[in-house]
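Open the model in your viewer and keep the selection panel at hand. We will go from one stop to the next, and at each one you will find what to select and what is there.

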Amino acid sequence: MLRFNLSAVFLLLIAFLVQQFVPAFTGLSHARFLIVHLVFLCAAVSVATPTMLLLAFIGGILWDAHCSLATIVADPEVYTNPTESLRFGYSILLFTGMGFLMQGLSPLFRAGKWQFSALLTGVATFLYLAADYALISFVRGDIVMSRSIMRLMTFTALLTMLFSPFVFWLLYRLALLFDHSLYPEAGKNKRRSF
Amino acid sequence: MKPLNLIALLLFLAGTTWALTRSERVVREIQVAYFKAISPTLRSGSALETKTRNLLRETKHSKKLEAELSTIRGEIGRLRIIESRFKELERENAELRHALNFKKITEFDVVAANIIRRHPTTWWQTAEIDAGEDRGIGIQLSVLSNDGLVGLIDRPLKNRSSILLITDEKCQVSVRIEGSPEVGILSGQRGDFDNNPTLRLRFLSKNASLQPGQRVFTTGRGGIFQPNILVGTITSVERGSLDSEALVRPAVDLNDLVTVFVVLSEKH
């Protein structure tokens with residue numbers, strides 16, 4: 001169990017390295033495959049709550065380190081309305097929210113029905129992006145919702161969801177390697193039927 | 001709630017509070033440590049992205065040529081391909097000469113750099129260049145191209161830097177309009193992820209006499225951008241009850257940008 005949890009943390013760190021190789025698809029309103037989020041979401045459903053919180057903390061803080069912009073220091077008499085940014089660390093809360101959402105389907109996942117969790121990774125990615133954008137709009141004022149934003153969120157969620165079976169397979173292999181069962185309920189049901 | 005879960009939740013809340021209350025300096029230190037840790041993959045990732053972009057550009061070019069040459073016999077076709085390759089090299093050569101000339105005639109001390117990565121984050125309009133602190137680049141220095149203003153340096157690292165492009169909402173530029181006393185603040189528009197983004201020029205007077213086609217230059221006020229740098233051209237004017245706004249097409253084609261110049265200081 002502990003070794004599997006550590007491997008999930010390690011997998012998340014590797015995802016950050018792999019994310020550097022993933023470009024934005026300019027033809028799809030800069031949609032991209034969010035491997036960091038996908039690994040987190042898949043891991044969140046396969047681990048216990050404390051480990052999920054640890055993953056959310058690591059994922060959120062590193063994602064903010066990757067993305068956050070510096071504060072622009074300019075003459076306030078000229079730039080009277082500087083554009084606000086979200087505080088460093090806010091992604092931890094978004095990751096946590098999505099983690100709890102994924103854990104809502106953990107009974108199905110533990111029963112071996114990973115397909116529902118795979119579908120939920122797409123929904124969770126979309127919700128993550130929507131919440132992220134809503135927070136940005138909240139601190140900056142004005143809600144601007146354009147077709148290109150919807151395209152970005154939808155295609156990013158779809159692209160991310162497409163790769164979820166691979167990440168679940170990877171977690172399954174890791175669980176086998178570390179003598180841990182991802183689907184304990186499925187095993188019980190099988191034994192009962194015998 | 002299980003005791004273990006409760007302890008985990010308390011630790012998580014403490015960690016999150018710690019992260020949310022960090023100062024700008026500490027955040028920068030965390031970012032520097034993060035980018036230092038992933039720098040080998042950053043380099044490889046940038047190289048892969050540059051190669052892919054070049055490959056796509058070449059593929060697009062070849063397809064166009066194929067369509068043109070389909071009616072011409074093989075020998076002439078081959079010669080035309082060779083000719084087109086020469087033209088490509090000639091164009092590149094002219095571009096580089098232009099860039100070199102720009103560096104010679106500019107009134108600023110500049111560092112030339114290549115764009116190695118575009119849009120590395122989800123929401124922000126940023127790009128990365130292959131020059132950093134080791135070449136004298138610091139935070140908030142303005143970035144230009146042959147055609148005009150590109151943006152400003154957001155995050156300088158040892159041998160690479162991130163540019164906040166003028167198409168980002170956060171990049172505000174104090175500008176004046178050619179042939180008019182009007183001045184305003186120009187910035188990108190949130191969620192404008194199209195390939196031809198426009199900028200919004202705000203705080204113009206209510207009866208501003210502006211025409212599409214007028215050019216927009218930096219004023220030099222505000223302490224970031226040098227004066228008289230071309231930013232773009234007005235495409236339309238929207239009159240409100242209190243003030244006017246205008247949409248501006250950037251002078252620089254940010255999708256096709258290869259070489260940029262970071263302004264280190266103004267020559268005196």
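**First stop: the barrel**

Select β6, β7, β8, β11, β10 and β9 of chain B: in that order, the six strands form a closed barrel with antiparallel pairing (strands pair if DSSP finds at least two bridges between them). Neighbouring strands of this sheet are turned by 40° against each other on average, direction ignored (axes are lines fitted to C-alpha atoms).

This is a predicted model, in which local features need pLDDT of at least 70 and side-chain atom pairs count only at pLDDT 80 or more, while totals for chains, interfaces and linings use all residues. Residues are numbered from 1 along each chain as its sequence is written, and chains are lettered from A in the order in which they are written.

Now zoom in on β9 (215-218) and β10 (230-239) of chain B, an antiparallel pair joined by three bridges. Pick V216(B): its bridge partner in β10(B) is G232(B).

**Second stop: all of chain B**

Chain B holds four helices and 12 strands (DSSP runs: H or I of at least four residues for helices, E of at least two for strands). Colour domain 1 (3-37) and domain 2 (109-268) of chain B, whose bounds come from an automatic or database domain assignment. Their centres, taken over C-alpha atoms, are 33 Å apart.

**Last stop: the side facing chain A**

Select the 46 residues of chain B in contact with 41 residues of chain A (C-beta atoms, placed from the backbone, within 7 Å). On chain B, α1 (3-20), α2 (24-37), α3 (39-69) and β4 (149-156) each give two or more residues to this side. Finish on α1(B), which gives the most, with nine residues.

Definitions and conventions. Two residues are in contact if their C-beta atoms, placed from the backbone, lie within 7 Å. Axes are lines fitted to C-alpha atoms, for helices over the stretch in contact, and angles run from 0 to 180 degrees between N-to-C directions.
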